[in-house]
Amino acid sequence: MSQAWLSYDDAPPFWLPASFFGAAMLWLLTLGCLLLPADMLAANRYHPQLLALTHALGLGVLGNIMSGALLQMLAVASGVATRHAGRLLLGIFLPWQAGTALLVGGFLHGFSPLALQAAAVLLCAAIIRLAWHGLYGLARSPARDASSRGMALALVALLVTALLGLCLVLTLSGQLPLPLMPLLHSHVLWAALGWLFLLVLAVSQTVIPMFLITPPYPAWTLITGRAVLVLLLACSLALLFWPEQLWLPASLLLIPVLAYAVQSWRLLRQSRRPADPLWWQWQGVIACLLLGGMSAWLCSSWTAWPSLPLLAGLWWLGGAGLGATLAMLGKILPFLAWLHLKRLNPPRGLLPSTHGFLPESAQLRMRHLHLLWLLAGTLWCWQPGRFHLLFALATLELAAYALVLGGKLARRYRAVQRAVSASTAR
Amino acid sequence: MSPVDLRHLAPPGPMEIILDAAEQLQDQQTLAWILPHHPTPLLPLLTAQGIDYRFELSGDGGVILFISKA
């Protein structure tokens, strides 16, 4: 990480990332509620309930955590100042939640064109605002470290994902005469490998060496990120113009995933904190990236088992994506709370340690609940009609525990904040 | 003065200990700790408190951080 541009003065107020993180936990709860009715009795990747669940997880849970973390990382690690936090809340947070709700509702109500179009407009507006804040800020920032450059790549991929999503909605509602399936596959690829994988790759280059005390990721990790964007572009062009040649860029996309997984494993083996919950969580993230990537690659040639695309999505989004974001939240959120309160100059003894905000035992329990959730989800992908209740209950339990932890942290934060105000007023 | 080894602590424990000690630092006093690596996130916070810092290599893979009042 570039030391020169590490700036806590540019950090957004605590409530800005916390709003995104809180909304993510509520979306996780919503995901559990959406799973309760057994609408999908057999594995079908195009079932409306599955599309609603995928977007509730991808946009509601992961999107919120990633956006909140991105705003924080952009400010602190890349010097992109958050001057108008209220405007960012209005321009990103609110349309993001409304757009996700309309999209999920639109899928569940028979692909309602009005709901889907309104959702696409709101989500595009939120994503353009986020991308403008990030890309414009990064272009003006002197930070040139791997995380900053990686975040820029992820934001570009997010923009492309959103535009492809808008085109999909307009095509579905008959407004645009574009080929549906190439658009759909491109949208999925840019979201999963562009936005999610590239952001995990960028953020892990700061978080893993810092919290697990490993050597830094090598310089070629950034080149891997650029290669992913080029291969994604090649995949989209192949999908549109040369579908017979898609196997080549799609197969090549496995190489960056494999390279990142191998490199991360090598670093984890050199970690000085192998007993840290994050160490185990990151092992799981890497395993799920490989499982999800291989399953997605097999989907194109082996269509006999309809559960395979569902498993690929679950392991990629739920295993790697949710695993990574929950693991990073467990480290970043208590540190943020501690850091913001520290800057208020509290009297000695008033400020608890970061582990006082969220103990490692809680992170360990969260990891176990996530593993159980993943197991229940795997069974659900295999036989949705039989295991939907188990998966719904596992989701609700995970969401409830995350909300309890978030609530405890928020109460502790407010108590210290009030005590500092009282001691200053005296 | 022998530096205190903080390498066994979970991050950001060492950061909390050093910032706490920096608040109570007396004029002319120098404190030192052994850390597992260069403490990048800590440095802007020390600068904001008006603390000078310098580093030495510990010789066994760590970094020794020295702080004193600016």
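S67(A) touches F20(A), W96(A) and L130(A), leaving aside residues up to four places away in sequence; contact here means heavy atoms within 4.5 Å. The serine is found in helix 2 of chain A, residues 48-78. Helices (H or I, at least four residues) and strands (E, at least two) are DSSP runs, numbered from the N terminus. With a relative accessible area of 0%, S67(A) is buried, where buried means under 20% relative accessible area, exposed over 50%, and partly exposed in between (1.4 Å probe, protein chains only). Its side chain reaches the backbone oxygen of G63(A) at 2.7 Å.

A word on the ground rules: this is a predicted model, in which local features need pLDDT of at least 70 and side-chain atom pairs count only at pLDDT 80 or more, while totals for chains, interfaces and linings use all residues. Residues are numbered from 1 along each chain as its sequence is written, chains are lettered from A and ligands numbered from 1 in the order in which they are written, and side-chain values use heavy atoms, with hydrogens and water left out.

Now for the charged pairs. Over all chains, the count comes to nine salt bridges, a salt bridge being a side-chain nitrogen of Lys or Arg within 4 Å of a carboxyl oxygen of Asp or Glu. One of them pairs K331(A) with D276(A), the closest N and O atoms being 2.9 Å apart. K331(A) lies in helix 11 of chain A and D276(A) in the loop between helix 9 (254-269) and helix 10 (277-299), so this pair ties together parts that are 55 residues apart in sequence. Both K331(A) and D276(A) are buried, the lysine with a relative accessible area of 5%.

K331(A) also meets E360(A) in a salt bridge, at 3.9 Å from N to O. Here helix 11 of chain A is linked to helix 13 (residues 360-382), with the two partners 29 residues apart. E360(A) counts as partly exposed, at 22% relative accessibility. Taken together, R273(A), D276(A), K331(A) and E360(A) are linked in a network of salt bridges.

R7(B) sits in the loop between strand 1 (4-5) and helix 1 (13-23) of chain B, and D60(B) in the loop between strand 3 and strand 4 (63-69), which puts the two 53 residues apart. R7(B) is buried, with a relative accessible area of 14%, whereas D60(B) is partly exposed at 48%.

Strand 3 of chain B, residues 51-57, is where R54(B) is found. This arginine is partly exposed, with a relative accessible area of 44%. Not counting residues up to four places away in sequence, R54(B) touches I64(B), L65(B) and F66(B). The C-alpha atoms of R54(B) and F66(B) are separated by 5.3 Å, although the residues are twelve apart along the chain. The side chains of R54(B) and E56(B) are joined by a polar contact of 3.2 Å. A polar contact is a pair of N or O atoms within 3.5 Å; within protein, one must be able to donate a hydrogen and the other to accept it, and residues adjacent in sequence count only if both atoms are side-chain atoms.

Where the two chains meet, the contact takes 18 residues from chain A and 24 residues from chain B. The area buried between them is about 1900 Å², of which carbon and sulfur atoms give 63%; buried area is the accessible area (1.4 Å probe) that two parts lose on being put together, summed over both. Two salt bridges cross this interface, among them K342(A) with E23(B) at 2.8 Å, N to O. The count between the chains is four residue pairs in polar contact, both residues at pLDDT 80 or more. On the side of chain A that touches chain B, the elements giving two or more residues are helix 6 (180-212), helix 11 (307-342) and helix 12 (354-357). Helix 11 gives the largest share, four residues.

As for cysteines, the structure holds zero disulfides over all chains, with a disulfide taken as a pair of cysteine sulfur atoms within 2.5 Å. The sulfur of C235(A) is 14 Å from the closest cysteine sulfur, in C299(A), too far for a bond. C381(A) also has its closest cysteine sulfur in C299(A), at 11 Å, again too far. C235(A) is buried at 0% relative accessibility, and C381(A) is buried at 1%.
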